[in-house]
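Here are my notes on this model for your first read-through. Keep the structure open beside them and find each residue as you go.

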Amino acid sequence: HSIWVSTDHDEIEKVAKQFGARVHRRSPEVSQDSSTSLEAIREFLNHHQEVDIVGNIQATSPCLHPSDLIKVADMIQKEGFDSVFSVVRRHQFRWSEVKKGENKMTEPQNLNPAKRYRRQDWPGELYENGSFYFAKRHLIEKGYLQGGKMAYYEMRAEHSVDIDIDIDWPIAEQRVLSFGYFGKEPLKEVKLLVCSIDGCLTNGRIYVAEDQKEMVSYDYRDIVGVDLLKKRGIQVSAL
């Protein structure tokens, strides 16, 4: 029901309020380099007895889509889950680590090398991606964000970016450029998009069938983009 930014920094507080968030000033005890998100959340709850459910949205996941948060809130409020956290599907084969000086061989963790299959034919595995953790108050007061009647929420890969190291920044930037950033405010400066199908929505290729009829192909990403514009209330006309 409310969006808060927990911080001990004056400039962060100023920017948060400019974007409509409310601010909880962290105490020095939970503002250390070694402080955890859970510690900050528990301190917040101590000052806000009216809060029953917390969605911990990580600032290091900038590509998170608002529709995901709405669905997860429904899982907590309507489906009765005590905690829900975000995951992403990955197709990576894992092997045991062999540390320097150890006299042993590596072992496969999630595959059989004798019956190795193509990764694109494998359903993959679910990994926490750190985008968000939703939990009810009673769990957080016990000291954890995952527990009770627990469920995961699988996010789409293009919305799943976790910034931990420097190289993650350009990856997140490219995701935003390719798939868009889904902020709170709708586009106000655009009301109508008019474009020509030939040369705009086509990819520049012409195919000739056996009967000599010409056919053009379309880039599916353009269709997705048009659908996103319509969902934002923008009129689209193709000529």
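**Notes on aromatic pairs and nonpolar cores**

1. Start with the rings. The structure has 6 aromatic pairs. Bear in mind that this is a predicted model.

2. Look at Phe-93 and Trp-122. Their ring centres are 5.3 Å apart, and their planes meet at 35°.

3. The cut-off for buried is under 20%. Trp-122 is buried too, with a relative accessible area of 10%.

4. Ring pairs link Phe-93, Tyr-117 and Trp-122 into a cluster.

5. Turn next to Phe-132 and Tyr-153. They form another tilted aromatic pair. The distance is 6.2 Å centre to centre, with 50° between the planes. Phe-132 lies in strand 5, whereas Tyr-153 lies in strand 6 (residues 150–154). These parts are 21 residues apart in sequence, so the pair ties them together. Phe-132 is at 0% relative accessibility, so it counts as buried. Tyr-153 is buried as well, with a relative accessible area of 12%.

6. Arg-90 lies over the face of Tyr-127, 5.4 Å from the ring centre. The charged end of Lys-149 sits over the ring of Phe-81, at 4.9 Å from its centre.

7. Why look for nonpolar cores? In soluble globular proteins, nonpolar side chains tend to be buried together.

8. Which residues make up the largest nonpolar core? It has 12 residues, among them Leu-38, Ile-41, Phe-44, Leu-45, Phe-85, Tyr-133 and Leu-145. Helix 2 (37–47), strand 4 (83–90) and strand 5 (125–136) each supply at least two residues of this core. Helix 2 gives the most, with 4 residues.

9. Pick out Phe-44, a member of that core. Leave aside its neighbours within four places in sequence. Phe-44 is then in contact with Trp-4, His-24 and Val-51.

10. Another core lies apart from the largest one. This other core has 11 residues, including Val-72, Phe-132, Ala-151 and Met-155. Phe-132 is the residue that pairs with Tyr-153.

Technical notes: Residues numbered from 1 in each chain as written. Predicted model: local features only at pLDDT ≥ 70, side-chain atom pairs only at ≥ 80, totals over all residues. Heavy atoms only, no water. Core = buried A, V, L, I, M, F, W, Y, C linked by side-chain atoms within 4.5 Å. Buried < 20%, exposed > 50% of the residue type's maximum accessible area, 1.4 Å probe, protein only. Contact = heavy atoms within 4.5 Å. Phe/Tyr/Trp six-rings, centres within 6.5 Å; stacked < 30°, edge-to-face > 60°. Lys NZ or Arg CZ within 6 Å of the ring centre and 35° of its normal.
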